[in-house]
Structures are given as structure tokens and as C-alpha cells.
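Please open the model in your viewer and keep the sequence panel beside it.

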Amino acid sequence: MAAPGAEDPLDAKSGKGPLAQRIDPTREKLTPAQLQFMRQVQLAQWQKMLPQRRTRNIVTGLGIGALVLAIYGYTFYSVSQERFLDELEDEVKAARARAQERASGH
């Protein structure tokens with residue numbers, strides 16, 4: 001028979017092992033060996049996720065860069081299509097011509 005505090009490594013109902021418990025090293029007194037093991041596990045998890053994170057960062061950067069270039073290109077396109085300054089210049093030329101005619105006509 002098992003000891004009263006010992007748990008079965010596999011739960012008979014679900015077939016899953018026990019879940020890891022989160023430990024706060026500032027509240028609980030841990031040995032240096034336990035702290036070293038925690039650092040090793042964190043490093044292993046970080047290294048395992050690094051390629052996936054790097055890929056996501058590259059895709060995100062390319063997406064943001066494409067958006068910036070699209071906005072930049074659209075801005076240049078829309079400014080080149082605007083003709084209101086040309087119309088204002090035509091009105092200024094016409095006003096100057098009228099002013100000269102009035103000045104020379106008197």
C-alpha cells in the first residue's frame with residue numbers, strides 16, 4: 001500500500017500526470033540546487049520557444065513594414081492626383097492679369 005501522502009503519478013480516471021505547481025522563490029525558501037534547477041528549466045523553455053518567437057517577430061516586422069510602405073505609397077499617389085493647387089495657381093494668374101488690365105486701362 002502507498003504512503004498516505006504519496007500520489008499516484010498517473011491519475012487513473014484521466015490518464016494524465018499531476019500538474020506542476022507554481023513556486024514563488026521570494027516567499028518559499030529554496031535550496032541553491034532547486035534555484036539552479038529552476039533556472040535550467042526556464043532557460044530550456046526559453047530556448048525551445050526562441051525559433052517560434054523569432055519567426056513571429058520577423059512576420060510581424062514584415063507586416064508592419066509593408067503597412068508603412070503602403071501608407072507612404074498611397075500618400076504619394078494621392079498627393080500626385082490632387083489638382084487643387086493647379087486650380088489656385090490658375091486663379092492667381094487670372095487675377096494678376098485682370099489687375100494688370102485695370103492698371104494699364106486707366
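The tour goes from the whole chain to a single pair of side chains.

Begin with the whole chain selected, bearing in mind that this is a predicted model. In a cartoon view, the chain shows two helices and zero strands.

Next, colour the chain by pLDDT, which averages 82, with 84% of the residues scoring at least 70. Where pLDDT is low, the predicted coordinates should not be read in detail.

Now select residues 58–77, the positions at which an unreviewed UniProt entry places the feature "transmembrane region". This span is 100% helix and 0% strand, and its end C-alpha atoms lie 28 Å apart.

For the last stop, show the side chains of Tyr72 and Phe76, which both belong to helix H1 (residues 32–81) and sit four residues apart, about one turn of the helix. How are the rings of Tyr72 and Phe76 arranged? The structure holds one aromatic pair, and it is edge-to-face because the planes of the Tyr72 and Phe76 rings stand at 70 degrees, with the ring centres 4.9 Å apart; planes over 60 degrees apart count as edge-to-face. Finally, bring back the surface around the pair, where both Tyr72 and Phe76 are exposed.

Conventions. Residues are numbered from 1 along each chain as its sequence is written. This is a predicted model: local features need pLDDT of at least 70, side-chain atom pairs count only at pLDDT 80 or more; totals for chains, interfaces and linings use all residues. Side-chain values use heavy atoms; hydrogens and water are left out. Rings of Phe, Tyr and Trp (its six-membered ring) pair if their centres lie within 6.5 Å; planes under 30 degrees apart count as stacked, over 60 as edge-to-face and the rest as tilted. Buried means under 20% relative accessible area, exposed over 50%, partly exposed in between (1.4 Å probe, protein chains only). UniProt positions are given in the numbering used here, feature names are shortened, and annotations may be inferred rather than shown by experiment. pLDDT is the predictor's confidence in each residue, from 0 to 100.
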